[in-house]
Amino acid sequence: MTGRELGLGALAMALAAAVLSVALGIVAAEPVSRALASNQPEREVVTAYGVETIAYATVRRDDGTYRRMLVSRDSLAAVMGDGSLPDGTRILMETYYQPGRLGTVFHKRKVDGAWHYGSFPAASPDLSVAPRASCLTCHAHAAETDFTFTLPSLEAVAGGAAASDFTCGRGGRSPCNLRTYLEGALP
Ligand code: HEC
């Protein structure tokens, strides 16, 4: 095991412990049904793209641009928290050049164990996807997290945490180290 893998493993454990302690805190403090209603973090629901989605992460860049990740409600419910996502998982990513200025929406869906990709202008949603090498080559940097940079945030939100919001200090769309995406998911 390399040092990097060890570091990621330790972070993953810290994240799991944090999610677990939140869950345990809820159970210990109040009856479960009431706790779920009162302690569930507020979730932003977005319906603009023809499918009901929940915002689970915002990743900011130093130049003021940011991207907001959305997962379909069904997909969020199906997240197992085991480091990979099931077939049918649908994730959207809005790109913002500045607050309120929305550009292209990127989109991916898992089909027969492989990610298929698509994109559309925000004003004309198109949820079709196809295998796209140009997307996959860069997402291959996140092979350890099922080709999904923001998987740690998605798993944290599926476990009851609030949506994450953090900065990747590299320019443009360059991927940050996977550690940045793990740390960004910590509460
Ligand atoms: C140059 C590298 C690069 C390319 C090419 C790329 N992406 Fe990404 N993508 C990223 C990074 C990095 C993130 C995580 C967010 C961030 O750091 O800004 C991301 C996140 C996403 C997400 C959110 C889920 C996740 O994986 O974290 C979707 C959806 C997505 N990309 C779709 C696409 C599609 C569709 C294409 C092809 C049209 C594409 N991407 C091409 C780098 C890339």
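Two exercises on a predicted model follow, each with a worked solution.

Residues are numbered from 1 along each chain as its sequence is written. Because the model is predicted, local features need pLDDT of at least 70 and side-chain atom pairs count only at pLDDT 80 or more, while totals for chains, interfaces and linings use all residues.

**Exercise 1.** Describe how helix H5 packs against helix H6.

*Solution.* Step one takes the axes, which are lines fitted to C-alpha atoms over the stretch in contact, with angles from 0 to 180 degrees between N-to-C directions. The axes of H5 (residues 151-158) and H6 (residues 178-185) come within 7 Å and cross at roughly 20 degrees; helices here are DSSP runs (H or I) of at least four residues, and strands (E) of at least two, numbered from the N terminus. The two helices are therefore roughly parallel, a label for angles under 35 degrees.

Step two lists the contacts (C-beta atoms, placed from the backbone, within 7 Å). Pro 152, Ser 153 and Ala 156 of H5 meet Tyr 181, Leu 182, Gly 184 and Ala 185 of H6.

Step three turns to burial, where buried means that 20 or more other C-beta atoms lie within 10 Å of a residue's own. Eight of the eight residues of H5 are buried, among them Glu 155.

**Exercise 2.** Identify which residues come nearest to the ligand, and which helix gives the most to the shell around the ligand.

*Solution.* Residues count as near when their C-beta atom, placed from the backbone, lies within 6 Å. Of the 24 residues around the ligand, Tyr 117, Cys 135, Cys 138, Phe 149 and Thr 150 come nearest. Helix H4 gives the most to this shell, with four residues.

Methods: Angles under 35 degrees count as roughly parallel, over 145 as roughly antiparallel, 65 to 115 as roughly perpendicular and the rest as oblique. Two residues are in contact if their C-beta atoms, placed from the backbone, lie within 7 Å. A residue is buried if 20 or more other C-beta atoms lie within 10 Å of its own, exposed if 12 or fewer, and partly exposed in between; C-beta atoms are placed from the backbone.
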